[in-house]
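Keep it plain and give the cut-offs.

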Amino acid sequence: MKVTKSEFVISAVRPDQYPEDALPEVALAGRSNVGKSSLINRMINRKNLARTSSTPGKTQQLNYYRINDELYFVDFPGYGFAKVSKSLRQAFGNMIETYLMQREPLKLVLQMVDLRHPPSKDDRLMNEWLMHYDLPLCVVGTKADKIPKTRRDKHIKMIKQELGIGPGGLFIPFSSEEGLGRDELWSVISQYTGVGQETPATAESENETERD
């Protein structure tokens, strides 16, 4: 997908703050410092639209990014929530659960896990929760460039086994540094949101141009 326009829209904490234009939404969930902001920036080919931080837990709201005026990326607070109070962790949990259970434009959840390590307890709990409620899910293994190519398949197999991802489950290894997995992930996003898919009319027009 060619991204020509991307912008930060709002940091929301309540449903009444969510955008009302009904564009399809893709949510990004993952533990603190797993690379959600870096993934967003790589997907849209910009360096700093989504701010990265060396301090885990920096994101404390649902951050909305509008892409090509066609869909939103919705960046969640990292679960684990770094060094925050118990009451704040509870508030984050309630905010995320409300969104996931009630948000009609939500079309896909990207659960991001660090490909270098076995899934954490929080990774497994989030995955079980998403599967239990039958939410559309693609697991993304980040920081693939940190693993030698000869060992990546071993790590991918480990993650799939730990999370119970079967033959029909979606899993994409990803590198924000190298761009590995970017096209595959856009293809999945397009499949679930309908954004960027070629319409029959468009295909016919292109074929006529080729014949001319």
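Helix 1 and helix 5 are roughly perpendicular to each other, a class that covers angles of 65 to 115 degrees. The model is predicted: local features need pLDDT of at least 70, side-chain atom pairs count only at pLDDT 80 or more, and totals for chains, interfaces and linings use all residues. Residues are numbered from 1 along each chain as its sequence is written, and side-chain values use heavy atoms, with hydrogens and water left out.

**Helix 1 against helix 5**

- The axes of helix 1 (residues 36-43) and helix 5 (residues 182-193) come within 10 Å and cross at roughly 85°; axes are lines fitted to C-alpha atoms over the stretch in contact, with angles from 0 to 180 degrees between N-to-C directions.
- Leu39, Arg42 and Met43 of helix 1 meet Arg182, Leu185, Trp186 and Ile189 of helix 5, where contact means heavy atoms within 4.5 Å.
- By class, this contact has 5 nonpolar, no polar and 2 charged residues; Ala, Val, Leu, Ile, Met, Phe, Trp, Tyr, Cys and Pro count as nonpolar, Asp, Glu, Lys and Arg as charged, and the others, Gly among them, as polar.

- Helix 1 is largely enclosed by the rest of the structure, because 6 of its 8 residues are buried (under 20% relative accessible area; exposed is over 50%, partly exposed in between; 1.4 Å probe, protein chains only).
- The buried residues of helix 1 are Lys36, Ser37, Leu39, Ile40, Asn41 and Met43.
- Their cover includes strand 2 (25-30), strand 3 (62-67), strand 4 (71-75), strand 5 (106-114), strand 6 (137-142) and helix 5.

**Aromatic residues**

- The structure holds 7 aromatic pairs, meaning rings of Phe, Tyr and Trp (its six-membered ring) with centres within 6.5 Å; planes under 30 degrees apart count as stacked, over 60 as edge-to-face and the rest as tilted.
- The pair of Trp129 and Tyr133 is tilted, because the ring centres lie 4.7 Å apart and the planes are at 50°.
- Trp129 counts as partly exposed at 22% relative accessibility, and Tyr133 counts as partly exposed at 36%.
- One aromatic cluster is formed by Tyr18, Tyr64, Tyr72, Phe76 and Tyr99.

**Whole protein**

- The protein has 6 helices and 7 strands, taken as DSSP runs (helices H or I, at least four residues; strands E, at least two) and numbered from the N terminus.
- From the N terminus on, the order of elements is β-β-α-β-β-α-β-α-β-α-β-α-α.
- Of the 212 residues, 45% count as buried.

Technical notes
Parallel < 35°, antiparallel > 145°, perpendicular 65-115°, else oblique.
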